[in-house]
Amino acid sequence: NGRELYSGPCDPGTLALLGVDPMEGVVRLTTVSARGSFSKEAKEPFDNPFGMQQRLAPTALHEINAPAIVHPGPNNECSVVTRRDGTLEIYFATKPSSDSISVIRSKDGGLNWSEPTVAFPIPGKIYYAVMVTEAADGSLHAVFHIAGEGSGGYKGRLYEVYHTRAAEDGSWLPPRRVIPGYVGAIRGFIELNSGRLVLAAGVAAPDREKKPDSGIDFGWNDTVIFTSDDKGETWTKSSDVLKIPLEGDLPTRYGAVEPALVQLNDGRVWMLIRDRSGSFFESFSDDGSRWTEPRRTSLITSDSPACFVKLRSGKLVLFANACQNWSDPKSYAMGGREVLQAAISDDDGKTWSGFRDVLHETLAPAGGDRGTAYPSAAETQDGKICLVSGQGEGNRAVVLFDPKWLEETSVRDDLASAPVMWAQYGDDGIHVESRDSGSKAVTLPLKSSGLCGAVWNFPAFRKGTISLRLYIPEGTVSGSLCLTDHFNRSDDTKAREHSVFHLPFTTLTHLVQGEWNEITLAWNASEAELKINENTPEKITGLRDSPYGPNYLRIEARSSSKAGNIMVSDLSVTANEM
């Protein structure tokens, strides 16, 4: 009748807007008109059909709760700072000129941002890394790379670290070199309560460029630490050089790189060091000058760096890529960077809660470094968190959320507009449908071409209960429900083997295909009780214990042919009494 139903890119998601399952059925179009051009260009930034990128951006500060994207990230490896007057500033390398540091600002708590302006020029060419911190006296300090060529670096390349600070009139002083040689991404730069500046970074050891023929392989970087007690005029190098022995046969040999720093409430300085084999290493210092031998932690990471924020309340917020890829452990970043999670601690990191998704990688294709890694975050004047993270065009974002969201003890699947708490890398077709009952369901189309599925993120609990209604169509030949404590892609065929609880459909004798099933699983550490429909609950033993508890529901299935859709509705998780 001439009424326009939709205008935009043509893909399977378009049909979902019409209430049509793109995997099955027929659509009859009586009139079609189109204009535009086809190209191989990336989709618009944050153009996922799933995940928190579908959440609407807040228009007022009181609306800020769950993470929402408010602005594209200006570049890789940015640094966000909250000034004394409440202004938020994000500093980043000016590209493509690479001859200065630029800044964007927000005067309204991060809802709106200015156009970029040059903060200060630099005496050379910058790569990407920038870290800026506001000292107790209100002055700004910045550290950054300057690229060059010469000996003492890595394969003839130099990324040397320079420091500068802003004078009282706002002008920046001439930068001074602090760390010579080749330095990886800068993630550790803070001012201690004493006024001491501490700078930690991974520095290349040129003589270890190649793997040794025998003995321990420490990779080709060590973490070194510099301190300054005179506002960066002079720097002292610590006598402690931190090394991490490499484990496993993996392609990267970075070693001890990209350390993140935070000062704890007890005065100690805590360092988390990036590692390639699945978890962070840690080191401690009383004053930033001497450091303990690095040791492995229980905090999961792919080959990616951490980020700390210390809130005014004394609580810590940690950002990490807790991603693993068990079917392809040598894949990008030794586990992936599709998802960035945040956790919160009120006891100096002894215990954590949350581990919730705060950024998802987009579907936009990108080469080189990509994903959600290299976060920087700051507490805003009104107690929210401003996060900037991501690498590559279409993946960088500025995000706002309330840290209280990390401490929620009961959550329901939010399907008001889209599957915002779901991720589906390695599969496609996820969408939301309305049921006859009036409720909504997440729909996962089955296919015969490979593993189908998706994951749903919730707060991590050592003791908890998950409830859902599950529909499995007739013709589903295999599948399972898993609870796990890290992110896996949907096409990870070995993820189930590394989950905390694995419930194969074939062992769930009370599960009925072609009908809706009510499922409840209550767990306590590695023990659980499963109830399906009105049947007697049964005891379930987990595959392993998890230090902080599971935080992902994973649904996966296979079909011998197109067999309809797996659907999930009325999904919720609640923490049990601890």
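A cavity is a set of points, on a 1 Å grid over the protein atoms alone, where a 1.4 Å probe fits but cannot get out, and lining residues have an atom within 4 Å of a point. Grid points are joined across faces, edges and corners, and a volume is the space filled by probe spheres set on the points.

The structure is a predicted model, in which local features need pLDDT of at least 70 and side-chain atom pairs count only at pLDDT 80 or more, while totals for chains, interfaces and linings use all residues. Residues are numbered from 1 along each chain as its sequence is written, and side-chain values use heavy atoms, with hydrogens and water left out.

**View A. The largest cavity.** Its volume is about 110 Å³, and the count of cavities of 30 Å³ or more is five. The lining includes Ser298, Phe355, Asp485 and Tyr548. By class it holds six nonpolar, four polar and one charged residue (Ala, Val, Leu, Ile, Met, Phe, Trp, Tyr, Cys and Pro count as nonpolar, Asp, Glu, Lys and Arg as charged, and the others, Gly among them, as polar).

**View B. The second largest cavity.** This cavity has a volume of about 80 Å³. Strands S30 (463-471), S31 (476-484), S32 (501-504) and S33 (516-524) each supply at least two lining residues; strands are DSSP runs (E, at least two residues) numbered from the N terminus. The lining comprises ten nonpolar residues, one polar residue and no charged residues.

View C. Tyrosine 91 belongs to strand S3 (residues 88-93) and is buried, at a relative accessible area of 2% (buried means under 20%, exposed over 50%, partly exposed in between, with a 1.4 Å probe and protein chains only). Among the residues it touches, beyond those up to four places away in sequence, are Cys78, Arg105, Leu140 and Trp172 (contact means heavy atoms within 4.5 Å).

**View D. The salt bridge of glutamate 338 and arginine 489.** The closest N and O atoms of this pair are 3.5 Å apart (a salt bridge is a side-chain nitrogen of Lys or Arg within 4 Å of a carboxyl oxygen of Asp or Glu). Glutamate 338 lies in the loop between strands S19 (316-320) and S20 (339-345) and arginine 489 in the loop between S31 and S32, so the pair ties together parts that are 151 residues apart in sequence. Glutamate 338 is buried at 4% relative accessibility, whereas arginine 489 is partly exposed at 24%.

Key. Helices (H or I, at least four residues) and strands (E, at least two) are DSSP runs, numbered from the N terminus. On a 1 Å grid over the protein atoms alone, a cavity is a set of points where a 1.4 Å probe fits but cannot get out, and a pocket is an open set with protein on both sides within 12 Å along at least five of seven lines; lining residues have an atom within 4 Å of a point.
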